[in-house]
Amino acid sequence: WDNNADFNSDTGTVIFTATSTTETIDSTGAEDADFNVLTLGETSGTATWNLSSSLISSATTTIDFGTLSPGANSINLASSLTINGSGNFTTGTATTTFDGSGTSFWFNAATIDNLGTVVVNGTTKTIALDSSVQANQVTVEADDTLDLRSSAFTLTLAGSGAAGARPFIVNGSLTEGADSKVAYIGTSALEVEDETYHDIDF
């Protein structure tokens with residue numbers, strides 16, 4: 001995918017169907033680069049999609065088969081993220097931001113992929129877990145909510161650090177649910193967010 005101009009996604013769906021190759025998604029220099037519904041992998045396969053620029057999706061993003069590898073490129077998702085059982089995400093060095101408004105879901109089947117740095121920063125945005133998930137750092141900005149729900153899901157935080165580098169930063173709201181867990185698994189000293197947890201592991 002090489003977009004150097006203007007891609008009008010409207011209400012459409014883009015499905016990348018490679019099954020075994022390494023592909024590139026590049027919107028460098030594009031005036032309009034937003035996808036609407038975006039799906040990686042269709043029926044089978046182990047392809048890899050490397051980002052060469054930021055990825056923006058205004059509707060559901062699904063990794064059905066293969067691997068999304070962002071590298072140093074940011075991802076902005078205005079709706080839900082679904083990583084199904086044959087899909088994978090390679091941790092990058094940039095940020096995955098859930099923006100937009102309303103309630104969206106974060107789902108990761110089978111092996112839990114580390115999303116790296118995750119930020120919830122929309123307009124009264126709620127991200128609700130639809131499975132257990134993992135990241136190095138999760139930040140929930142003001143007027144936004146992270147809902148851990150009441151389905152025995154675990155939010156695993158693999159990062160370490162203190163102050164602005166701490167693994168969990170809640171400037172908005174955390175809904176802990178009835179049987180959720182937050183697991184801090186960082187290997188260095190870390191500061192724990194001052195929040196109400198249903199269950200917490202170290």
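Predicted model: local features only at pLDDT ≥ 70, side-chain atom pairs only at ≥ 80, totals over all residues.
Student: Which strand pairs with β16, and in what sense?

Tutor: Strand β16, residues 154–157, pairs with β19, residues 181–184, over four bridges in the parallel sense. Within that pairing, Leu 157 has Tyr 184 as its bridge partner in β19.

Student: How many bridges join β19 to β20?

Tutor: Two bridges join them, and the strands run parallel; β20 covers residues 200–201. Here Ala 183 has Asp 201 of β20 as its bridge partner.

Student: Where are Thr 124 and Ala 152 found?

Tutor: Thr 124 lies in strand β12, residues 123–129. Ala 152 is in the loop between β15, residues 145–147, and β16.

Student: Is Thr 124 buried or exposed?

Tutor: The relative accessible area of Thr 124 is 52%. Exposed means over 50%, so Thr 124 counts as exposed.

Student: Which residues touch the most other members of the largest nonpolar core?

Tutor: They are Leu 68, Trp 106, Val 138, Leu 146, Leu 155 and Phe 168, in a core of 40 residues. Strand β8, residues 81–89, gives the most to this core, with three residues.

Student: What is Val 138 in contact with, leaving aside its neighbours within four places in sequence?

Tutor: Val 138 is then in contact with Val 118, Leu 146, Leu 155, Leu 157, Pro 167, Phe 168 and Ile 169. Among these, Leu 157 is the residue whose bridge partner in β19 is Tyr 184.

Terms used: Residues numbered from 1 in each chain as written. Heavy atoms only, no water. Pairing = 2+ DSSP bridges. Buried < 20%, exposed > 50% of the residue type's maximum accessible area, 1.4 Å probe, protein only. Core = buried A, V, L, I, M, F, W, Y, C linked by side-chain atoms within 4.5 Å. Contact = heavy atoms within 4.5 Å.
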